[in-house]
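Please keep the sequence and the model in view while reading.

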Amino acid sequence: MSTSRQYELVYLTPPDTSEDALGELHKQVQAVVDRFSGSIDRTENWGRRKLAYEINHQREATYVLEVINGPGAMTAELDRRLRVLDTVIRHMIVRVDEDLASAERAKTRRKEDMAKRRTRRGLPPEPTESELHRRREESDDFDGMGDGPYRGGGGDR
Amino acid sequence: MSDFDGGRGRSGGKDRDKEMGEKGGRRTFFRRRRVCKFCVEKIDYISYKDVKVLAPFIPERGKIQPRRISGVCATHQRALQNAIKRARQIALVPYTTD
């Protein structure tokens, strides 16, 4: 079985597209996804938005986002289908699982590193609220101190 | 005698003052430290969907702001660049403006 990946599909339809037509479009996407035994995680309708530039002499469009799990061949098929449809004026499929996973990894690593550093210094792994407050004040002091000795020394002589 | 000494002392002091003044002058040239916005705010994933995040890095002309100006680190500039290019494809962000 081919591996399942996560993709984000965004498609734009003309602003005068009816709810029914949007539902129909969603059904078509669902059909393709089902055929490749994928699944749709969630669907977001962003509604009408202004376009940054004109597409087919339209200044506005309805945006729909679908988060899809499925194999790579599915995206090729979706791409082909969406390109033919008149109701879709623009679409984009982006693979997101790798980026999201690496972001998650970076987050956990940062947290672990901080916890390790702190336990080594004999502190609780999470910084307390008062500590955060003190740190902010200290950094302010440090900025002030940077100029202080210089100016003070010059003035005394 | 004592006057003489005092005079020398003062002149020495003046010299040092001047030196200090110069150093102080150089210090006032202190450029604001450029820090990567994404590192500071600990943003790991720059999404093409958030126009609000991308907008500050797209000047009027619609070009992607170079990192020598914005101060974004290399890693995040790369991610930002991808995000902006994706956002352009779906017309969230302009390619150019005239």
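This is a predicted model: local features need pLDDT of at least 70, side-chain atom pairs count only at pLDDT 80 or more; totals for chains, interfaces and linings use all residues.

How many nonpolar, polar and charged residues does the lining of the second largest pocket have, by class? By class, the lining has seven nonpolar, four polar and four charged residues.

The second largest pocket may be located through the residues around it. Its volume is about 370 Å³, and 15 residues line it. Nearest its centre lie Asp99(A) and Ser102(A) from chain A, together with Asp44(B), Tyr45(B) and Ala79(B) from chain B. Two helices each supply at least two residues of this lining, namely helix 3 of chain A and helix 5 (74-89) of chain B. Helix 5 of chain B gives the most to the lining of the second largest pocket, with a contribution of seven residues.

Attention now turns to the largest pocket, which holds about 490 Å³ of space. Its lining is made up of 19 residues, and the closest to the centre are Lys107(A), Arg110(A), Lys111(A) and Met114(A), along with Lys42(B) of chain B. The elements that give two or more residues to this lining are helix 3 (97-120) and helix 4 (129-156), both of chain A. Helix 3 of chain A gives the most, with ten residues. By class, the lining of the largest pocket has 13 charged and six nonpolar residues, and no polar ones.

Terms used
Residues are numbered from 1 along each chain as its sequence is written. Chains are lettered from A and ligands numbered from 1 in the order in which they are written. Side-chain values use heavy atoms; hydrogens and water are left out. On a 1 Å grid over the protein atoms alone, a cavity is a set of points where a 1.4 Å probe fits but cannot get out, and a pocket is an open set with protein on both sides within 12 Å along at least five of seven lines; lining residues have an atom within 4 Å of a point. Grid points are joined across faces, edges and corners, and a volume is the space filled by probe spheres set on the points. Helices (H or I, at least four residues) and strands (E, at least two) are DSSP runs, numbered from the N terminus. Ala, Val, Leu, Ile, Met, Phe, Trp, Tyr, Cys and Pro count as nonpolar, Asp, Glu, Lys and Arg as charged, and the others, Gly among them, as polar.
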